[in-house]
Each structure stands twice: as structure tokens, then as C-alpha cells.
Amino acid sequence: MKRALHYNAASVMFAHNHPSGVAKQSQADEMITQELKKALSLVDVRVLDHFIVAGNETLSFVEIGLL
């Protein structure tokens, strides 16, 4: 949030890796995404997507309907 405010961002995207090699969201991934989205909405910053990278696979929260 601090970085988004520092750069006066209108929107952000999140990404993190799953070293396990499985590009599937966990319940914790879903929860933190929603919490960050809620917090950022308080300062009018939109969350565009959240990506999970696992080896050669990538999962997009937007593509699977979670954002």
C-alpha cells in the first residue's frame, strides 16, 4: 500500500511464486488478495490482477473469476 501511494498509483497487480510447481491458489492466497483489495479501495487504488507463478505455469485470479 505504501508503494502504491508513493507512486500515486491508480492500480496495482500482485504476483508471487509457488515453489511447489503447482499453480493453484490456496485459501490464504484468496484471503490476502481480498484483504489487500479492500484496503487499497480505501485510497482509490484498483487491483487489476493477482498472478501465481509455478515453474512454467501461471494462474490469473481474473481469468478464474476471483477478481
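Phe51 is found in strand β2, the element that spans residues 46–54, and in this predicted model Phe51 has a relative accessible area of 26%. Because buried means under 20% and exposed means over 50%, Phe51 counts as partly exposed at that value. Leaving aside residues up to four places away in sequence, Phe51 touches Met13, Phe14, Ala15 and His16, and also Thr58, Leu59 and Ser60. Strand β1 covers residues 11–17, and one of the residues that Phe51 touches, His16, stands 35 residues away from Phe51 along the chain, while the C-alpha atoms of the two are separated by 6.5 Å.

Two loop residues deserve a separate look for their backbone angles. Where does Asn8 lie? Asn8 belongs to the loop between α1, residues 2–6, and β1, and its phi is near 55°, a positive value in a residue other than glycine. With a relative accessibility of 68%, Asn8 counts as exposed, because the cut-off for that class is over 50%.

Asp44 likewise is not a glycine and has a positive phi, in this case of about 60°. The loop that holds Asp44 runs between α2, which covers residues 27–41, and β2, the strand in which Phe51 is found. The relative accessibility of Asp44 is 69%, and Asp44 therefore counts as exposed.

These details can now be placed in the protein as a whole, which has 2 helices and 3 strands, arranged from the N terminus on in the order α-β-α-β-β. Along the principal axes, the C-alpha atoms fill a box of roughly 35 × 20 × 20 Å.

Of the 67 residues in the protein, 27% are buried. The protein exposes about 4,800 Å², and carbon and sulfur atoms supply 56% of that area.

Technical notes. Residues numbered from 1 in each chain as written. Predicted model: local features only at pLDDT ≥ 70, side-chain atom pairs only at ≥ 80, totals over all residues. Heavy atoms only, no water. Helix = DSSP H or I, 4+ residues; strand = E, 2+ residues; numbered from the N terminus. Buried < 20%, exposed > 50% of the residue type's maximum accessible area, 1.4 Å probe, protein only. Areas by Shrake-Rupley, 256 points an atom, 1.4 Å probe, with all protein chains shown as cover. Contact = heavy atoms within 4.5 Å.
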